[in-house]
Amino acid sequence: MVDAAKVVAAVDKTYNDIQSVKTRMMGVTGTLNQLKVAVATALPSGTSNQGSQINLGFVRQELAKAKEAVAKFKEAVQAAVDNGGAAAGGGVRRMMKDDKSRTLYERVGGDLNIETAVEIMFAKSLLDPRVRSFFEKNQRKMQQIRKKVYQFLSGFLGGPKLYDTTNVKPAHYHMNITDYHFDALMDLYGLALGELGIHADACKDFLAALGRVRKDITTGCTVRMELAQKNMEKGKDGLFKRLGGEEGINHFMERFFDIVVVDNRIKGFFQGKDVKTIREGARVYFTEALGGPKIYKGRDLAEIHKAVGVTDYDFDCFLAGMEKALSGLGIEDETIDEVIVTMEPVRPALLGRARGLAAHAKMKDGQTVLERIGGDMNVEAIVDTMFVGLLSD
C-alpha cells in the first residue's frame, strides 16, 4: 500500500526544489536586466557610441555578480536533478489548493514568494513604458526601494511587520503617480504572481488587498493636481505672470531644451534635427498654452507627433525635464504643479490616443448618444447598476 504521507512529503520537496531554482533564476534575470538598463542608460540614443561615458569598473563588477549568480543557479538546478526534483515535471507548479483560513502572507507562499514577486514586478516595470520612469534610479536606490516594498508587503499581508506603514503616504506624496500608473503596477503584480504559480484565488485577494493602498499612493498627486486645477479655473493669465511672462517662458524653454537634448532617455528625438527651430516652435506653443497671448499658428500636436512614436515613458521623461527646468529657475512647487496639470491633457494627442467619442459617433439619425440610450433616467439606472456590480466584485 502506498504511504500517503511519504507521497505528500515527496511532492512538497519537489515543489520546494523547483521554487528554489525559480527564485535563483529570477535573481539572475534581475541582475542581468539591471546591468542591461545601466549600460543602455549610459549609451547615447543614436547608433554611434562615440563619446559615451560608461563606468567600466561598474560594468565589470556587475558582470562578475551576474556570472556568480549564473553559477549558483546551475548548482541549484543540478541539485534539484540529483534529488529527483526535475523528474517531477519541472517548470512552475501552480498551487492546487488555497486555504482561505490562513493569512494572505501564507497563501501566496510566504517571504520567498513575496520577495520574488517584487523582483519580477520591478524587472517588468523597467520594460513597461507606463511606469518605467518611476523605476530608473541608481542601483543602490533601487535595492533600497525593493527592500522597503518587500518589507511593507510582508506586514501588510499578515506576515512579520518590517515596515512602518505610516510612511507610505508621505513617501509617495511628491510623486506624480496617478490611477493610471497604479493600475499598471497592479497589472504587473498580477503577472508576477501568475509566473510564480500562486493560486488564482490568492492572486485575486492579494490584488484586492493591494488596491486598498491606492489612496495612500495617489493622494499626493491627486491633492496637488486638484489644487492646481482650482487655481487654473481662475484663468491661466495668473500662471503666465507667475512664470515671468514672455521672458520667463523664454528662460523656461532654454533651460528645458538644455536638459532634454542631453537626457539619454529621450535625446534621440532631437538627434539630426534643427533643435533651434524646434525650441522656437515650442516657445510659441507654450507661451499660449500657459496663459500668454494666442500666437501659436502651427500644426496640430497630434499631426506633428504622429510618426514620432512617443510613449508614456517618453512623455513622463519630458514632464520630468519640465519640472527640473522650472525648479532650477526657482519657480514655486505650486506653480510647477499648474504647468503639469496644463500639459497632462496633451498626452493623448502626442501618443495618438482617442479621447471620448468621435464626432460621427455622437449623432445618429439626428439623435445624440444621450437620447439614443433613453435620457437622464437611463443613465442614472446604468450608473446605479454599475455601482451594485462594483460592490459585489
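Trainee: What makes Arg130 and Asp128 a salt bridge in this predicted model?

Mentor: Their side chains meet at 2.7 Å, N to O. The cut-off is a Lys or Arg side-chain nitrogen within 4 Å of an Asp or Glu carboxyl oxygen, so the pair Arg130 and Asp128 counts as a salt bridge.

Trainee: Why is Asp128 called buried?

Mentor: Asp128 has a relative accessible area of 11%. Buried means under 20%, so Asp128 is buried.

Trainee: Why is Arg130 called partly exposed?

Mentor: The relative accessible area of Arg130 is 22%. Partly exposed lies between the buried limit of 20% and the exposed limit of 50%, so Arg130 is partly exposed.

Trainee: What makes Asp187 a salt-bridge partner of Arg130?

Mentor: The closest N and O atoms of Asp187 and Arg130 are 3.1 Å apart, and the cut-off is within 4 Å. This pair links distant parts of the chain, with Asp187 in helix α8 and Arg130 in the loop between α4 and α5, 57 residues apart. Asp187 has a relative accessible area of 42%, so Asp187 is partly exposed.

Trainee: How do you know that Lys169 and Asp216 meet in a salt bridge?

Mentor: Their N to O distance is given as 4.0 Å, and the pair is counted under the rule of within 4 Å. Lys169 is in helix α7 and Asp216 is in helix α10, 47 residues apart. At 36% relative accessibility Lys169 is partly exposed, and at 27% Asp216 is partly exposed too.

Trainee: How many salt bridges does this rule give?

Mentor: The count comes to 19. Arg132, Glu136, Asp263 and Arg265 are linked in a network of salt bridges.

Trainee: How do you know that the span of helix α4 agrees with its number of residues?

Mentor: Helix α4 has 16 residues and should span 22 Å at 1.5 Å a residue; the end C-alpha atoms are 23 Å apart, which agrees. The buried residues of α4 include Ile114, Val118 and Phe122.

Trainee: Why is Val341 called buried?

Mentor: Val341 has a relative accessible area of 10%, and the limit is under 20%, so Val341 is buried. Val341 is found in helix α16. Leaving aside neighbours within four places in sequence, Val341 is in contact with Met225, Ala228 and Gln229.

Trainee: Which helix has the lowest mean pLDDT among the elements of the chain?

Mentor: Helix α18, with a mean of 43. Where pLDDT is low, the predicted coordinates should not be read in detail.

Note on methods:
Residues numbered from 1 in each chain as written. Predicted model: local features only at pLDDT ≥ 70, side-chain atom pairs only at ≥ 80, totals over all residues. Heavy atoms only, no water. Helix = DSSP H or I, 4+ residues; strand = E, 2+ residues; numbered from the N terminus. Buried < 20%, exposed > 50% of the residue type's maximum accessible area, 1.4 Å probe, protein only. Contact = heavy atoms within 4.5 Å. pLDDT = per-residue confidence, 0-100. Expected span 1.5 Å × (residues − 1).
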